[in-house]
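Please prepare a briefing on the structure shown below, grouped by topic and with the cut-offs behind each term.

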Amino acid sequence: MLMFPSHSFTHRLPTLLAGLCCLVAAGLANPTAAENRLADTASDYLRDHADNPVDWYPWGQKALDRARRENKPIFVSVGYSTCYWCHVAERELYENPEIAAVMNAGFVNIKVDREQRPDLDRVLMQATEALGGGGGWPNNVFLTPDLEPFFAGSYFPPEPLPGRESFPQILQRLSAQWQNDRGPLLERAGRIADRLREQAGASGIDPARLDPVAWRERAVESLRQTFDPLAGGFAPAGQSSRFPQSPALSLLLSAVESGDDFGDVSAAEMLDQTLAAMTIGALFDHVGGGFHRYTVDPQWQVPHFEKMLLDNAQLIGLYARAGTRLGKPWYERVAGRSIEYLNRRLWSENGGFYTAESASLDGIEGKGYVFTVDKIRSVLGPRAADFLDWHELVELPESRIDHEPPDGEVLNLRPGKALDALAAGRLADEIAPLSPEYAALLAARQARGQPDRDRKRVAELNALAGLGLLAAAQPLDRPDAAERAVEVGEWLWNELWDEPAGRLSRQAYAGEVGGEAFLADYAATGRLMLSLYASQHELKWLFRAQRVANALETRFVDQAGHLQERALGEEAAGLSISPPLLGDEVGPSGHSQAVVFLLDLGLVMDAPARQRRAVTALAGFAGEVAAEPAAWGWLVGELARPSRAEAVERFATELAAPEPTGPGASRDHVKVSAQVTPGGEAVEVRLVIDPGFHVNANPASEDYLVPTRITAPDGEIGPIDYPPGQPFRAAFATESIDVYEGELTLRVPIVGDVPERLQIEIQACDDEVCLAPDKLEIDVGRDGQ
């Protein structure tokens with residue numbers, strides 16, 4: 001996703017390659033043929049590179065061990081499947097045998113899918129920025145064998161450009177320096193690594209700085225400083241590209257909905273103008289629905305054509321809510337058509353949404369989207385005049401690199417006419433009769449072929465999509481959107497959640513589930529489960545939210561109460577540098593979502609201990625939020641809502657006191673013993689349950705509850721006559737469930753030999769929380785034992 005206008009490069013072999021080939025032949029190394037290590041990975045992006053002559057590794061211990069063993073620098077290239085410039089680099093660099101030979105000779109080469117390893121992506125992007133290599137994808141970083149960065153950049157051309165080295169020149173220079181004079185490289189790498197470690201250091205718990213309402217006021221004021229009053233959106237001076245910046249829009253919508261809207265340019269004005277510009281220009285796909293990733297111009301007229309689930313997941317809810325709040329039916333129409341896009345192009349027949357859709361078709365960016373006037377007339381016939389009365393075609397800018405442009409231009413609404421109709425509240429009604437024309441053009445577009453999709457189905461992104469669908473369902477009166485959100489929730493729980501282990505996987509791909517899940521995966525999934533409980537009023541969603549919250553707190557909250565991006569003690573190969581806290585950039589961060597999820601769950605269940613833990617976690621990065629609240633737009637907008645702001649204020653004043661101990665594990669609240677009866681025909685199992693706690697009866701009242709169950713790992717037992725439970729209804733629940741409380745004796749018939757041990761499965765709950773299910777193994781006592 002390199003941020004300048006892009007079209008396909010012609011293939012040219014630089015003269016320099018001849019010299020590089022001689023360098024390899026002269027003894028730089030004796031590279032072996034590339035081994036195909038990417039073909040079986042769970043990533044379209046990595047598989048796309050499987051047949052390159054480059055000796056690629058996926059990120060992992062084998063590659064890192066080889067670099068240390070051979071004392072070679074590491075070349076890490078980070079990208080993703082729908083990144084246009086990543087595919088350009090593959091065609092022009094990595095498919096070239098001569099370039100590949102030099103890469104194989106001098107470096108250990110690693111490919112990373114940023115959506116599988118967001119922790120690596122963030123650290124390596126931070127390294128690129130620290131090294132002055134710009135930003136964007138592909139992100140290419142050269143590391144020492146000790147994983148410290150010394151050179152970085154984004155797209156490297158195959159031959160020199162004005163003021164820019166070619167990739168072969170970079171390889172030649174760095175290889176020679178590593179061989180002959182690596183001291184300056186090592187010194188630079190150590191200095192940059194130390195700086196990154198300092199930036200990643202956690203703040204102390206600082207409750208004095210917790211002030212969500214003031215944060216929101218300051219954040220809105222910061223947005224005014226970068227707001228473009230002519231074209232809408234937010235960007236520093238001189239930046240030509242425009243991104244939707246959903247967290248900033250969410251912040252503005254929060255201010256509008258609260259009535260806390262002030263200043264020379266109100267939050268409502270900034271929000272309205274930006275939402276209008278994004279959908280009158282071409283960030284919004286007028287023909288097919290959904291939003292592109294960004295535009296290459298400040299007028300929102302020419303997009304970079306890839307479409308990301310992350311963007312669309314957030315924007316459907318934003319547009320639906322803003323349409324209702326601002327009285328703009330056009331925004332509601334945009335939200336509805338974006339839902340249709342998600343269902344048509346990104347929903348998998350196996351459940352869950354795919355991650356993205358590519359910008360290119362047949363290697364040409366935009367080919368699947370552009371039109372000419374003649375083509376529109378040939379498709380629409382006499383209806384073309386009315387259609388073109390509302391639409392204009394915008395010419396693609398001339399590329400700074402000689403890439404092949406698509407044959408056509410970009411469809412926009414005519415801004416003057418559209419803005420007048422939008423201001424009068426009639427744009428949706430004016431455009432609605434053109435639906436058949438849009439459908440005809442979409443069919444013509446699809447006849448050219450469809451852009452590739454990234455087939456990963458990622459937990460975090462799907463949960464955000466489910467949340468967006470729920471947010472849009474009521475204002476749009478779209479029960480089908482809520483139904484699809486339920487499908488997403490069921491898919492996450494049934495496919496990616498491992499109930500016995502109490503853990504989440506990050507993704508599903510090609511029939512396989514796996515990948516380390518990060519804080520954002522757990523937090524977003526928990527938020528969706530809790531929102532589904534509020535929407536569907538079914539207790540199973542609340543119990544699922546509790547299970548996710550328990551896992552999140554166990555895996556991602558350290559002893560001091562800080563949130564961690566990766567699970568504590570995770571053994572997967574990683575960098576020694578923690579990912580930086582960057583705030584809510586293109587979407588809500590894992591830290592932000594975790595705080596809001598835990599706080600909301602504590603409020604729903606009236607669980608003060610959980611609310612306190614959420615506020616403690618927030619206090620752990622309050623310094624970062626207070627320093628730049630606009631960078632945490634989604635978080636400060638959500639926390640400034642009255643019920644949350646009140647809870648933050650209440651618990652901030654209590655954090656100086658010792659934190660109460662947590663409820664522990666299920667086994668901490670149930671004592672179990674087993675003894676053979678005098679006649680030897682049965683084992684009596686006695687459970688003593690702590691006051692205030694209970695375990696589920698057998699059978700459980702609902703299929704999502706864990707019943708109390710006894711099994712024999714090393715013997716055979718007969719059927720157990722479990723007694724009926726006692727009815728119990730928590731304060732937050734609408735129905736009672738059957739439970740066991742106090743003391744309970746269960747008679748276990750013996751079939752054959754007396755078992756040495758029994759296993760008892762329990763789940764202890766109190767009025768506020770259900771602990772993780774537990775399995776206890778106990779010895780069976782005999783007479784006299």
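The briefing below covers sheets, a helix, nonpolar cores and disulfides.

This is a predicted model, in which local features need pLDDT of at least 70 and side-chain atom pairs count only at pLDDT 80 or more, while totals for chains, interfaces and linings use all residues. Residues are numbered from 1 along each chain as its sequence is written, and side-chain values use heavy atoms, with hydrogens and water left out. Helices (H or I, at least four residues) and strands (E, at least two) are DSSP runs numbered from the N terminus, and two strands pair if DSSP finds at least two bridges between them.

**The five-stranded sheet**

- An open sheet is formed by five strands in the order β2-β4-β3-β5-β6, and its pairing is mixed.
- At the edges stand β2 (56-58) and β6, each of which pairs on one side only.
- From one strand to the next the twist averages 25°, where axes are lines fitted to C-alpha atoms (for helices over the stretch in contact) and angles run from 0 to 180 degrees between N-to-C directions.
- Strand β3 (residues 74-79) runs antiparallel to β5 and is joined to it by five bridges, and within this pairing Val-78 has Asn-139 of β5 as its bridge partner.
- Helix α6 packs on the sheet and touches β3, β4 (108-113), β5 and β6, with its direction at about 80° to that of β5; contact here means heavy atoms within 4.5 Å.
- Helix α7 (residues 167-180) also packs on the sheet, touching β3, β5 and β6, and its direction makes about 175° with that of β6.

**The β5-β6 hairpin**

- Strand β5 (residues 139-143) is joined to β6 by four bridges, and the two run antiparallel, with Leu-143 standing opposite Pro-149 in β6.
- Five residues lie between β5 and β6 in this hairpin, and Leu-147 in the turn has a positive phi of about 70°.
- Five of the five residues of β6 (residues 149-153) are buried, so this strand is largely enclosed by the rest of the structure; buried means under 20% relative accessible area, exposed over 50%, and partly exposed in between, using a 1.4 Å probe and protein chains only.

**Helix α6**

- The 13 residues of helix α6 (residues 118-130) should span 18 Å at 1.5 Å a residue, and the end C-alpha atoms are 18 Å apart, which agrees; the expected span is 1.5 Å times one less than the number of residues.
- Of the 13 residues of α6, 11 are buried, so the helix is largely enclosed by the rest of the structure.
- Among the buried residues of α6 are Pro-118, Asp-119, Asp-121, Arg-122 and Gln-126.
- After α6 comes Gly-132, whose phi is positive, near 80°.

**The three-stranded sheet**

- A sheet of three strands is open, has the order β21-β22-β27 and is paired antiparallel.
- Because β21 (670-676) and β27 (743-749) stand at the edges with a single partner strand each, one side of each is left without a neighbour in the sheet.
- The twist of this sheet averages 20° from one strand to the next.
- Seven bridges connect β21 with the antiparallel strand β22 (residues 682-689), and Gln-675 stands opposite Glu-684 in β22.

**Nonpolar cores**

- In the largest nonpolar core, which has 152 residues, Ile-376 and Leu-552 touch the most other members; such a core is a set of buried Ala, Val, Leu, Ile, Met, Phe, Trp, Tyr and Cys residues joined through side-chain atoms within 4.5 Å.
- Helix α19 (residues 459-476) gives the most to this core, with 11 residues.
- Leaving aside residues up to four places away in sequence, Ile-376 touches Phe-371, Gly-381, Ala-384, Phe-387, Leu-388, Leu-393, Leu-411 and Leu-441.
- A second, separate core of 74 residues includes Phe-75, Met-308, Leu-575 and Ile-577.

**Disulfides**

- Two disulfides are found in a search of the whole structure, a disulfide being a pair of cysteine sulfur atoms within 2.5 Å.
- Cys-83 is joined to Cys-86 with an S to S distance of 2.3 Å, and both Cys-83 and Cys-86 are buried.
- The torsion about the S-S bond of Cys-83 and Cys-86 is about 80°, so this disulfide is right-handed.
- Cys-765 and Cys-770 form a disulfide with their sulfur atoms 2.2 Å apart, and this link is right-handed, with 105° about the S-S bond.
- Cys-765 counts as buried at 1% relative accessibility, and Cys-770 is buried with a relative accessible area of 7%.
- With bonded cysteines counted along the chain, the disulfides follow the pattern 1-2, 3-4.
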